[in-house]
Structure formats: C-alpha cells, structure tokens
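Hello,

Here is the structure I promised to pass on. Have a look at it first, and then read on for what turned up.

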Amino acid sequence: MQSLTLQPIAHINGTINLPGSKSVSNRALLLAAFAKGTTRLTNLLDSDDIRYMLNALTALGISCHLSTDRTVCEVEGIGGRITGKSGIELFLGNAGTAMRPLAAALCLGEEGLGENISVVLTGEPRMKERPIGHLVDALRQGGAKIDYLEQENYPPLHIKGGFSGGNITVDGSVSSQFLTALLMAAPLAKNDTEIRIQGDLVSKPYIDITLALMKSFGVTVGNEQYQVFHIKGQQQYLSPGQYLVEGDASSASYFLAAAAIKGGTVRVTGIGKNSLQGDTQFANVLEQMGAIIRWGDDFVECERGTLTGIDMDMNAIPDAAMTIATTALFAQGDTVIRNIYNWRVKETDRLNAMATELRKIGAEVEEGHDYIRVSPPEKLNHAEIETYNDHRIAMCFSLVALSDTPVTILDPGCTAKTFPDYFNQLEKLSQYTK
C-alpha cells in the first residue's frame, strides 16, 4: 500500500481556489440530462464520483462533452425521463451521489409505453454494505419494480421501471440522499407525488442544495417544514443554459481548520456567505471554538485564534463535522460531536474509524452510538493512519501535521473520490520552518 508521511507544518497561509462541489456536480449533471436544452456546467469537480456519474449517463445515451481539464461539461438534455437501455449494468464505485439519484431516475420508465426497462446498478464492495432499503421501499410505494440481487436492502439493484408517483413515505433518518433522489425524479412521474418524512430528517442542508438546483432547472417543490413535500407530475426540467458549480464547502473545511490551528490566514474562494451548501456552517463552528472568520460573497477567510472545545449537534454538517474531530486535538478541553449516527453508513463506518485512528495518535476517545468525545493529549504520537478507502479520513488526519509530530497517511490516493490533488494544495500553503 502506498503511504505519505507529512512533516510537521510550522505555519500555514495563503489562498486556495476550491474544486467544484461533489454534491452539486452530480445533482447538476443528472438534472442537465433530464432537462430540455443543452447545459454548460462550469467548475465541475474532476473526481472519481463524478466520473462514475458521467460514465453512467453516457452509457444511458446522454451526450456529455467534457473539456480537456474535465471541469467544463456540455450536457445535451433529453427533455424528459431517462429510460436507459435494456440489459445494461452500471458500475458506480462507492459514489452515493450517483447510486441513489440514478436508482430513482431509472424507475421512471413505463413498460406500457413499449419501454423494456432492465438496468442493474452495482458498485464496489463497500457500496454493497451501504443501505438503500428506505429508498427502494419508497420507490416501490410509487409503483417501481426493483429487485435486490444479493443482500436485502443493499445494492446491487435490478431496476425495471414503473414509478408513477402518488403518496409516499420515506425514512429520513439514515441518508438525505434518499429524499434527494425522490425529489429529483418525481416531477417527471405520470402522477403528482406527496412525500412524507418518517423520523428525523438528517442533513437538511443537502436537501436545500437539491431544491435550489431543481429551481435553477425550472422546477419548484412545495415544502412543509421538511416533513411533507408536494411535487407536480408531468413537468419538464428546462436548461438554464450555463450553470456554475460552487466550490466544495466540505473540502474547504480542511484549509480553514488548518488556519485556525496554525495560521496565518487562509482564504478559500468559490464559496461565500450566500452559498447553497450547508457545510459552509463549518466556519461558524470554528468561530465558536475561537477562530477569527471573515465572509465575502465568493470567499471565506479564517485566521488563527485560541481554540477551546465545544459540545454541539452537528447532524446538519456530517462531512465537515469530521474535520472538527481532528481540529479538537488542538483545542483546550474536550470536544463532543453529537447526532452523527449517519457517519456509520458513509464510505466506511466513520464513527468507529475516527475513534480508532484518533486513539493511535494519543487522544482519549469515547465512541457512542451517535456521538464522539475527543480529549486531546498533551503531545501527539506519530502514527500510520489507516484511511479505509475513505477520502475524508485521509484529509482530516493531514491536520495532525500541524503539530510537532509527523503523520503517515496510508493510501493517500483515496482522496481522488473528491479532491485528487489535495495534498499538493496543502503543500502550497504550508511553511516548514518558523
């Protein structure tokens, strides 16, 4: 296995231009495929997850023209449902932002129209461990014909169309991507759709991203306090012509945290005070810990402060909350991150993985069912950090290098999922002598 040892970073300072958001990129690609007209997407993220979505859309007959640097894509929309080609199998890696929305989108085909729908969605071994049963149950309520090919409630799926809308209940407690998938597909269904949320809806800011993107493509959704959603059927998405993908707010968290720990000042551009993405709230968490934050329309800036531990519900920002778990190593007192059960159903069981790796470097950690408590040590240990093929664990633990101790990241290439050149970008901002 490859490894990368990061030497202690004495100071961090500068500006980072963020790559496009994974969440926005894959949603925009699918809506552009649905839409009438051609959409030119700019600042598209070039990463593994986006390539899986692009490969799937191309296999389904959607014309996608990528620029040489893969950050601009012209998508020729089909002005309606994506019915697929019968008998194809789509491999989606470990990309939840491709698996879940495509599962719903491909249920829109109707055999009564002479469409012979038969598509298999599969992925890496970890994808086969990530639950999808709540989404499948909801799609079946709307008439979809879906079979599990291996384990009940998990991919791979065999999809045969049939979704026509109606009254649907979906469990919102595991992943907001299930609701996102339903919301994006429902306007193209034959009938109106009413979606009721069962349980507490996690990661609400990601639903806001979905609703804002749908509006950009000409479709609005009735929303009763995130508990009931009303979607008219037989609608048509319309291309906005051009669409600029925001920078990835989750990726911003590592650079902002680095500044809070050992700045200098770091400015990240591509997101700002009016960003679609809830993960921009990460900056507010850093501010509560003691960092100095400044906002602009297209940037957020962080300056070092004296950090103290916090005790917070971070259900709304689960990905960025991981960065707080390693930032906590540099704070005075304990940090408790609560209401994060859905860490367990991500690219790996992130609650267990973070607890395990934090202990390696000397932290005292309490791992609960849906929370983690981090007590920082007086001095961090050098350790080899297992990354579990999870991009965010690799990036989170790079912050350990902001101590007086080097850190070794195993399989650093796993950052290709969302940020292929992350370590190069960190290097550009880093100074190694005081």
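A residue counts as exposed when its relative accessible area is over 50%. Please keep in mind that this is a predicted model. D297 has a relative accessible area of 56%, so it is exposed. You will find D297 in the loop between β16 (292-295) and β17 (299-303). Leaving aside neighbours within four places in sequence, D297 is in contact with I271, G272, K273 and N274. T269 lies 28 residues from D297 along the chain, and their C-alpha atoms are separated by 9.3 Å.

Next, a helix. In α10 (residues 350-360), the buried residues are R350, L351, A353, M354, A355, E357 and L358. What do they pack against? Their partners are α9 (318-327), β20 (364-367), β21 (371-375), β22 (384-385) and α11 (391-397). Just after α10 comes G362, with a positive phi of about 110°.

Strands β4 (residues 63-66) and β5 (residues 72-76) run antiparallel and are joined by 4 bridges.

Finally, the largest pocket has a volume of about 310 Å³. It is lined by 17 residues, of which I261, L329, F330, L402 and S403 are the closest to its centre. The lining divides into 8 nonpolar, 4 polar and 5 charged residues.

Best wishes

Technical notes: Residues are numbered from 1 along each chain as its sequence is written. This is a predicted model: local features need pLDDT of at least 70, side-chain atom pairs count only at pLDDT 80 or more; totals for chains, interfaces and linings use all residues. Side-chain values use heavy atoms; hydrogens and water are left out. Buried means under 20% relative accessible area, exposed over 50%, partly exposed in between (1.4 Å probe, protein chains only). Helices (H or I, at least four residues) and strands (E, at least two) are DSSP runs, numbered from the N terminus. Contact means heavy atoms within 4.5 Å. On a 1 Å grid over the protein atoms alone, a cavity is a set of points where a 1.4 Å probe fits but cannot get out, and a pocket is an open set with protein on both sides within 12 Å along at least five of seven lines; lining residues have an atom within 4 Å of a point. Grid points are joined across faces, edges and corners, and a volume is the space filled by probe spheres set on the points. Ala, Val, Leu, Ile, Met, Phe, Trp, Tyr, Cys and Pro count as nonpolar, Asp, Glu, Lys and Arg as charged, and the others, Gly among them, as polar. Two strands pair if DSSP finds at least two bridges between them.
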